[in-house]
Amino acid sequence: MTFRLDTLWSKITLVCLLPLLWVIIDITFDNLGPDPIQTLHIRLGDWAMRFLWLTLLVTPVQTITKWRGMADYRQMLGLYAFFYATLHVMVYLLVDHGLMWQIIAVDILESSYIWFGLIAYLIIIALTISSPKWAKKRMGKQWKKLHRLIYIASLAVIIHYYWQLKGNMAEPLFYLIIILLLLVFRVALWFKNRKFTKMMIPTTRRIKVVSVAKVLNPELSIDLQGPVLKELIIQEVEPD
Amino acid sequence: MIIKTTKAILASEITDPLLFKHRRQIIKGMIGTLLTGAGVKSVLANDNKPTWGDLPKADVLSQSLTVTPAEIVKNHTNYYEFTFNKTDSTSLAQNLPTDPWSVEISGEVEKPGVYHLEDLLSQQSIQEYIYRFRCVEAWSMVVPWVGFPLASLLKMVKPLSSAQFVKFTAIYDPNVMPNQKVNAMLEWPYVEGLRIDEAMHPLTILAVGMYGESMPKQNGAPLRLVVPWKYGFKSIKAIVKIELMKRAPITTWNKFSPNDYGFYSNVNPAVPHPRWSQNSERQLGGRFFMPRRQTELFNGYGNEVASLYSDMDLRHFF
């Protein structure tokens, strides 16, 4: 069982590195078109965004299919989003600007579309640093709070994409629709669970808030039947 | 300090593209000899691909620029009538019929009329103009245009003293231009404009070719404007109408988004686009790790054109 999982793990790792291989091949054979650096920006940015979207896809898929084996891969996908975002930033600093810091500083100050990219990247760095299991344990409830910033990051990413365009606004539309669906799913889930909670336990406000927070935990939101939820809430309240 | 650094890097860049250019010229010469024997053909000849031999270089400028490889200039065009993709326009633009072509000149002129392009060209002396072309998207290239001063065309039709502005209108042909057919994004046809003194400036040209050859369709054949100190979108392609006006025309990008794209749109590193900086630009056609170049006021043509705007606040009239 463990062995099979490992194989799948390594297969996914290889697939996740394919976009990088593809980029390297295109650089080697000068296949990036008349503005190769712009092509690189878009290519690496696109992949960072796609992995971020995939990361956000894990919870909905898990909830809908009730398949629990995906949680481990969520971390991995998130780290690949960080990986490609880092390459995207490196191309900007090293290849596009040759580390000419004065020009970089003016460019960032004057380009509002970069601010959104920067916000997203800083969030992704924070999530990456806090992604190891020991960090998760140590941070406790704060971890969940911090990692909810992924929603802010994803919105910043899509604004970053739109904000730098002059022409075709339809280009990022696909990605906009996907991220909206992913976010709407969570809002819908939140509303659904809140209704449940209200029906189940019309007690103090504090308990209600706690229960909502708990349901938003994707790992615990798989079974939403009443009794389970009740149990969770009681468990949550007991330590206080 | 910054300028010095940029120039030092620029100087080291020169070798490679120059070699490239020479190679091109050798091939061009060979092809020219093979195809025509003589090498020189007039644009007036009823030929799809007129070429020019050694064109006289216009003595409007002293600065020397390293020309961008032609393949890059030919495959990196914003021609929104066809597509929003800079490469796809190369093939799509081939659908545009450009022969025969006529240009309507009207408005505040003594001699308005519809002129055949050949008739207009026969009265002009064609020269080569090597200009830096700076796009509002913060990339630039250096193009050896083939053309003539707009001023000498305007003088031919004799503008009245009431003519304060020049309005240019591009072709409207929705049958071959997909984005015109579906009314995509901008208002079609594309319209641009200049103040009369800008239009009469010796740097402002109408181009009919580049790299010693007739204008590729994706680059604006058969007749386009080139105003080197303004962002590229001012240099309208496939012109069918030139009107001399009493008042400033409403131009396409300015109408689409007035806060983003001003009527003047002079290249100015100190005035950023609302969403991105104009302080530096990516030079196309260099080696992969060639860093950005510091953008110059009026795209480096300040000596020639700054006096046109001496009493203007360039932040307000961007």
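Two strands count as paired if DSSP finds at least two bridges between them. Strands (E, at least two residues) and helices (H or I, at least four) are DSSP runs, numbered from the N terminus.

**View 1. Strands β5(B) and β6(B) side by side.** In this predicted model, β5 (165-170) of chain B runs antiparallel to β6(B), with 5 bridges between them. Look for Phe165(B): its bridge partner in β6(B) is Arg195(B).

**View 2. The open sheet of chain B.** Here 5 strands line up as β2-β1-β10-β5-β6, with mixed pairing. β2 (113-116) and β6 (191-195) of chain B sit at the edges with a single partner strand each, so one side of each has no neighbour in the sheet. From one strand to the next, the twist averages 20°.

**View 3. Where chain A meets chain B.** Each chain puts 23 residues into this contact (C-beta atoms, placed from the backbone, within 7 Å). On the chain A side, α2 (36-65), α3 (71-96), α4 (101-110) and α5 (112-129) each give at least two residues, and α4(A) gives the largest share, 5 residues.

**View 4. Helix α2(A) against α8(A).** The axes (lines fitted to C-alpha atoms over the stretch in contact) of α2(A) and α8 (149-163) of chain A come within 11 Å and cross at roughly 145°, an angle taken between N-to-C directions on a scale from 0 to 180 degrees. Met49(A), Leu52(A) and Leu56(A) of α2(A) meet Ile150(A), Ala153(A), Ser154(A) and Val157(A) of α8(A).

**Notes.** Residues are numbered from 1 along each chain as its sequence is written, while chains are lettered from A and ligands numbered from 1 in the order written. As the model is predicted, local features need pLDDT of at least 70 and side-chain atom pairs count only at pLDDT 80 or more, while totals for chains, interfaces and linings use all residues.

Methods. Contact = placed C-beta atoms within 7 Å.
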